[in-house]
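Please look over the sequence and the model below before reading on. The report that follows takes up charged side-chain pairs, a packed pair of helices and a strand hairpin.

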Amino acid sequence: MSNIHSTAIIEEGAVIGKNVTIAPFVTISSKATIGDNTTIDAHANISGKTTIGRGNHIFSHAVVGSIPQDLKFAGEEVELIIGDNNKIREFTLINPGTKGGGSITKIGNNNLLMGYVHIGHDVILGDNCILANGVNLAGHVELGDNVVIGGLTPVHQFVHIGDFAMIAGASALSQDIPPYCLAEGNRAVLRGLNITGLRRHLSRDEIDTLKIAYRELFESGQALQERAKKLLENSESKVIKNLVEFITKSKRGIPYIRKNSNG
């Protein structure tokens, strides 16, 4: 049985799952679907065509599914899809997609979005990500799984961030960050591998293999795309393939400090 406060406004047509808790003064649109065992705290707003999975916790004053902040938006039907077991903290703003970006913003499972995070239109967010307070993802940003972004960091539109990457707090990111890497600064550049995070998920052999690949790619002074293609041809390692395929497909480029091949 769901626990819905009498002051909550749930428009006709909304689908509310089992064991859902809805606190005072919550508003939920007619096109929303709320999955089982989800908690929505006081004054949160669920707008538009928004599908929320199971076991999520949406904290006070979060705004989920309000129209995209895009001047090209003309009222067409767009969508926000949120997976399971996410924590969406106070005053977070999540926008749905736009027609130009496929019409869908999608958030995976087991993510923590801390206070005042903004998820822009057409963002794709993987699983097990942590976005600290005040992180701002512009439109069309894509994050892999297990990404960590420090507080007060803005991410430029169309940027891609690979699996297990970490962006330090108060950075400003305008280019793609490959899997397993650590970036920091304004503008953010690669500072090495995300060793602390990798130790929680990868074997020592995989990490050692990534260390060698990182040096070849970013510290050899040779052309990045050429080195990436050679590594892809000569390695059977899954993590190396994930790393170099990301680099070869990057459209915004990889921000790293280029070294002279002679020194």
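## A salt bridge between K72 and D70

In this predicted model, K72 and D70 form a salt bridge in which the closest N and O atoms are 3.2 Å apart.

## Other salt bridges

The count of salt bridges comes to eight. One of them joins the side chains of R54 and D36, with an N to O distance of 3.8 Å. This pair links distant parts of the chain, 18 residues apart, since R54 sits in the loop between strand 9 (49-52) and strand 10 (57-58), while D36 sits in the loop between strand 6 (33-34) and strand 7 (39-40). R54 is exposed at 51% relative accessibility, and D36 is buried with a relative accessible area of 18%.

The side chains of R227 and E216 also meet in a salt bridge, at 2.7 Å from N to O. Because R227 lies in helix 3 and E216 in helix 2 (residues 204-218), the pair ties together parts that are eleven residues apart in sequence. Here R227 counts as buried, at 14% relative accessibility, and E216 as partly exposed, at 27%.

## Packing of helix 3 and helix 4

Helix 3 (residues 224-234) packs with helix 4 (residues 238-249) at an angle of about 145°, and their axes lie 9 Å apart; the crossing of the two helices is left-handed. On the side of helix 3 the contact is made by L224, Q225, A228, K229, L231 and L232, and on the side of helix 4 by I240, K241, V244, E245, I247 and T248. Sorted by class, the residues of this contact are seven nonpolar, two polar and three charged.

## The hairpin of strand 26 and strand 27

Strand 26 (residues 181-185) and strand 27 run antiparallel and are joined by five bridges. The two strands form a hairpin with two residues between them, and within this pairing C181 stands opposite L193 in strand 27.

Definitions and conventions. Residues numbered from 1 in each chain as written. Predicted model: local features only at pLDDT ≥ 70, side-chain atom pairs only at ≥ 80, totals over all residues. Heavy atoms only, no water. Pairing = 2+ DSSP bridges. Helix = DSSP H or I, 4+ residues; strand = E, 2+ residues; numbered from the N terminus. Axes fitted to C-alpha atoms, helices over the stretch in contact; angles between N-to-C directions. Left-handed = near helix turned anticlockwise from the far one by under 90°. Contact = heavy atoms within 4.5 Å. Nonpolar A, V, L, I, M, F, W, Y, C, P; charged D, E, K, R; others polar. Salt bridge = Lys/Arg side-chain N within 4 Å of Asp/Glu carboxyl O. Buried < 20%, exposed > 50% of the residue type's maximum accessible area, 1.4 Å probe, protein only.
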